[in-house]
Structure formats: C-alpha cells, structure tokens
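Subject: Handover of a structure, with notes

Dear colleague,

Please find below the structure that I am handing over to you.

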Amino acid sequence: MKLNEAVALLSIIKAAYPKAYRDMSEEDALSTAGLWAEMFKNETLEIVATAVKAHIATNKWEPSISEIKQRIQDMRTSETLTAQEAWSLVSKATHNSLYNAKAEFEKLPKIVQTAVGSPEQLKAWANMEAEVVESVVASNFQRSYLVRNEQEKETAMLPPSVKDVIRQLTDGMAIPGITDGDVV
C-alpha cells in the first residue's frame, strides 16, 4: 500500500468513526498515514480496504493496525486446520510410518510437519503403544500445534523489515547439524 492509498483509507476510517481523528493536526495525520503505509507496504489497497470495511461493519471503535493485520491474516488462513484435524492427519500417518515415515511426513502440511518435528518422530510414535499415542502423544501434539500455529500467524503479520531483522538475529543462533524439528 502506498502513502496516498493509506491517506484514502484513513479518510474512510474517519468517515466511519468521526471522533477518531477529529483533533488530529495535518502533520499527525500524515505521520499516521505514513505508518499505515509502512505497515501494509506489501499489501494491496484492495486487501487492506476489505479488512477495514469488515472491521467497520462489526466494530463500533476505529481499528488499530494490529486489528487490521489480524483480519487480513484470518482472511488468508480460513483454511487452517484445527488441532484435532491436524492430529487426525498425524495419527493416520503414524499407521504407515514404521517403514515409510519419510514419505508420510512429506505428505503432511508444512505447519503440521513443524509441530511433528521430523520423520523419525513419526516412526517413534508408530513404535509406541496405540493407547499412549492416542492419548498422551495426541494431547501433547495438539498443544504444540496450537502454539506453532499462533507463532506462524504472528510472524506472518510482521512487516518484512522486522522479519529480516529477526532472521538476521536468529541465523547466528542455529546449531550446525540440528534442524528445527530435531530434539537434543
């Protein structure tokens, strides 16, 4: 979104919430528009405007940037699996993971793979008693999946410049030979 588009969008918000920007100076308004443009610079006006209009239709208070980012994220992830649906996929994969763990792991959606960790984990679960897998492991997996899913949503809402800084900071923290899913 460009600055002039952010100005137009904030005009819509002001029309819907007249008290929101009533006493704002022109300098502050331009600064606010600049912030909105920066925070949504990789989004199209159409996407941000759709999220703003959805907010206007359902809220009596003006939106914050984070609320609009959350709406956009929700629009994009409406097909996100529930923890139970994700576990169902994992449970099914474990049934064929004694000899085909890698193939079964690769069939799983990326977010589910992240929560599982590795094909070796699927194989380990396949070697366990079914009752333990379907109770203890299922419960632990679902908690882990929910946390990972929330982290992914929050990360997706960050501006690219912030993601770049985080990536730079964490690149130096990687331990050679260990991937995200491996356990020490």
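The notes below cover confidence, helix packing and individual residues.

This is a predicted model, in which local features need pLDDT of at least 70 and side-chain atom pairs count only at pLDDT 80 or more, while totals for chains, interfaces and linings use all residues. Residues are numbered from 1 along each chain as its sequence is written, and side-chain values use heavy atoms, with hydrogens and water left out.

Confidence

The pLDDT is the predictor's confidence in each residue, from 0 to 100. Its mean over the protein is 88, and 91% of the residues reach 70 or more. Among the elements, H8 has the highest mean pLDDT (96) and helix H10 (residues 160-171) the lowest (80). Over residues 180-184 the pLDDT is below 50, and this stretch has five contacts in the model beyond near neighbours in sequence. Contact here means heavy atoms within 4.5 Å. Helices (H or I, at least four residues) and strands (E, at least two) are DSSP runs, numbered from the N terminus.

Helix packing

Two packed helices are described by the angle between their axes and the distance between the axes. Axes are lines fitted to C-alpha atoms, for helices over the stretch in contact, and angles run from 0 to 180 degrees between N-to-C directions. Angles under 35 degrees count as roughly parallel, over 145 as roughly antiparallel, 65 to 115 as roughly perpendicular and the rest as oblique.

The axes of helix H2 (residues 26-39) and helix H4 (residues 65-76) cross at roughly 25° and come within 11 Å; the two helices are therefore roughly parallel to each other. From H2, Leu 35, Trp 36 and Met 39 meet Ile 65, Ile 68 and Lys 69 of H4. By class, this contact has five nonpolar residues, no polar ones and one charged. For these classes, Ala, Val, Leu, Ile, Met, Phe, Trp, Tyr, Cys and Pro count as nonpolar, Asp, Glu, Lys and Arg as charged, and the others, Gly among them, as polar.

H4 also packs against H3, at an angle of about 105° and with the axes 9 Å apart. That angle makes H3 roughly perpendicular to H4. The H3 residues in this contact include Ile 47, Val 48 and His 55, and those of H4 include Glu 67, Ile 68 and Arg 71. By class, the contact of H3 with H4 has eight nonpolar, three polar and three charged residues.

The crossing of H6 and H8 is right-handed. Ser 97, Leu 98, Ala 101, Lys 102, Glu 104 and Phe 105 of H6 make the contact with Pro 119, Leu 122, Lys 123 and Ala 126 of H8. These residues divide into six nonpolar, one polar and three charged.

Individual residues

Relative accessible area is used as follows: buried means under 20%, exposed over 50%, and partly exposed in between (1.4 Å probe, protein chains only).

His 55 lies in helix H3 (residues 45-58) and is buried, at a relative accessible area of 3%. Leaving aside neighbours within four places in sequence, His 55 is in contact with Tyr 17, Trp 61, Glu 62, Pro 63, Glu 67, Ile 68 and Arg 71.

Leu 9, in helix H1 (residues 3-16), is buried as well, with a relative accessible area of 1%. Not counting residues up to four places away in sequence, Leu 9 touches Met 1, Trp 36, Val 48, Ala 49 and Val 52.

Asn 149 belongs to helix H9 (residues 130-157) and is buried, with a relative accessible area of 12%. Its contacts, neighbours within four places aside, are Thr 80, Leu 81 and Ile 111.

Leu 98, in H6, is partly exposed at 36%. The C-alpha atoms of Leu 98 and Asn 127 are separated by 7.0 Å, although the two are 29 residues apart along the chain.

His 95 sits in the loop between helix H5 (83-94) and H6 and counts as exposed at 67% relative accessibility.

Yours sincerely

Conventions. A crossing is left-handed if the near helix is turned anticlockwise from the far one by less than a right angle, and right-handed if clockwise.
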